[in-house]
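Reader: I would like to learn how to read a structure like this one. Please go through it feature by feature.

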Amino acid sequence: MVQNVQPTETSTVRRGRPGGRRAGETTWVLSLAVIVTLYLAVQVHPYFRMDPAYSRIDLQFPLHYWLIVGHVVSGTLALVTLVLQAWPWLRRNHPSVHRWSGRLYVFAGALPAAAFALAMFPVAFAAGSIGMATSAVLWAVTAVIGWRRAVQGRYAEHRRWMVYSFAIVWGSVIWGFAIGWGWLLFSPWTVDFTYISEAARWMGWIINLIVAHWWLERTADRPLDLARPPKRAVR
Ligand code: HEM
């Protein structure tokens, strides 16, 4: 029996030492977790009340609120599972948790959240909405391709597509949020909000994608960090 563990790209495979923890990993994951928690606490929590009176968005039709809630619930799941997926220790020591949380990220997080975002597109705040819609499509597509590559045992490509997917959502949501608020707080009040919105809804995810691509190219020779032989095998 030949294990199909040869990555299709130039990377080699390194089996993780169970229990092994590398310098900086915990700090990296904790930082992600803190940022996600802050985002959920500040931006998302009103929608968990399930009461349209607390919507920050002007509701255009009765179903609009429930589209936002669907988007927010699946988006929250995506952000939480993203933190789990990016945690190298969990990947090495509990690969089945990584697989399940990956499926949740794709099918209960990214896909429905992107679909709800697209459904809101016609009534979304116009400035930057094309950038938002583009990022929604690319987010869903990269997540599905990343999942397919994992199922096919093409782990180097799986890593690449998932990093793109994380970069898009992270850039779209977190940087978009930070740029928008930062600009509002620190720029002269004369700046028209439509410019801010347009810039924030494009720049965040595009800059993140460029940085992610640069980082992937820079670390292309790094051995893949697999925990144990994958289940799928070519007989
Ligand atoms: C690429 C990914 C995403 C896209 C393209 C996207 C797109 C959108 C759009 C179009 C709206 C409606 C805005 C409007 O009416 O002007 C929205 C609202 C919202 N989204 Fe997302 N979203 C994404 C990911 C997420 C994620 C992961 C979360 C995490 C929970 C999230 C949380 C929210 C919240 C809380 C609102 C309401 C905003 C407010 O109250 O001001 N989104 N999103």
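**Reading the helices and the core**

Author: Of the 235 residues in the protein chain, 30% are buried. Keep in mind throughout that this is a predicted model.

Reader: How many helices and strands does the protein chain have?

Author: Begin with the list of elements, then take their order. The protein chain has 7 helices and 2 strands. Starting at the N terminus, the order is β-α-α-α-α-α-α-α-β. Contacts can then be sorted by how far apart the partners are in sequence. Among contacts in the protein chain with a separation of 6 or more, 76% join residues 24 or more positions apart.

Reader: How is a helix checked for length? What span should α6 have at 1.5 Å a residue?

Author: α6 runs over residues 155-186. Its 32 residues should span 46 Å at 1.5 Å a residue, and the end C-alpha atoms are 43 Å apart, so the two agree. For α7, residues 193-218, the 26 residues should span 38 Å, and the ends are 37 Å apart, which agrees as well. Helix α4, residues 95-120, has 26 residues and reaches 36 Å from its first C-alpha to its last, close to the expected 38 Å.

Reader: Which residues of α4 are buried?

Author: Read the buried residues as a list, then look for what they pack against. In α4 the list is His98, Ser101, Gly102, Tyr105, Val106, Gly109, Ala110, Ala113, Ala114, Phe116, Ala117 and Met120. These residues pack against α2 (64-85), α3 (88-93), α5 (129-151) and α6. In α7 the buried residues are Ser197, Ala200, Arg201, Trp202, Gly204, Trp205, Asn208 and Ala212. Their packing partners are α5 and α6.

Reader: Which residues touch the most other members of the largest nonpolar core?

Author: That core has 38 residues, and Ala110, Trp139 and Val169 touch the most other members. The elements giving two or more residues to this core are α2, α4, α5, α6 and α7. The most come from α6, with 12 residues.

Reader: What surrounds Trp139?

Author: Trp139 is in helix α5. Trp139 has 28 other C-beta atoms within 10 Å, and is therefore buried. Leaving out neighbours within four places in sequence, its contacts are Ala110, Ala114, Ser165, Ile168, Val169 and Ser172. The Ala110 list, made with that exclusion too, is Ala78, Tyr105, Trp139, Ala140, Ala143 and Ser165. Trp139 and Trp161 are 22 residues apart along the chain, and their C-alpha atoms are separated by 10.0 Å.

Reader: Why is Met50 called exposed?

Author: Met50 has 10, so Met50 is exposed. Met50 is in the loop between α1 and α2. Its phi is near 55°, a positive value in a residue other than glycine.

Reader: Last, which residues come nearest to the ligand?

Author: Ask who is closest, which elements contribute, and what classes are present. There are 25 residues around the ligand, and Arg56, Gly75, Ala117, Phe125 and Ala136 come nearest. At least two residues of the shell come from each of α1 (25-44), α2, α4, α5 and α6. α2 gives the most, with 7 residues. By class, the shell has 18 nonpolar, 6 polar and 1 charged residues.

Conventions: Residues numbered from 1 in each chain as written. Predicted model: local features only at pLDDT ≥ 70, side-chain atom pairs only at ≥ 80, totals over all residues. Helix = DSSP H or I, 4+ residues; strand = E, 2+ residues; numbered from the N terminus. Expected span 1.5 Å × (residues − 1). Buried ≥ 20, exposed ≤ 12 C-beta atoms within 10 Å, placed from the backbone. Contact = placed C-beta atoms within 7 Å. Near = placed C-beta within 6 Å. Nonpolar A, V, L, I, M, F, W, Y, C, P; charged D, E, K, R; others polar. Core = buried A, V, L, I, M, F, W, Y, C linked by C-beta atoms within 7 Å.
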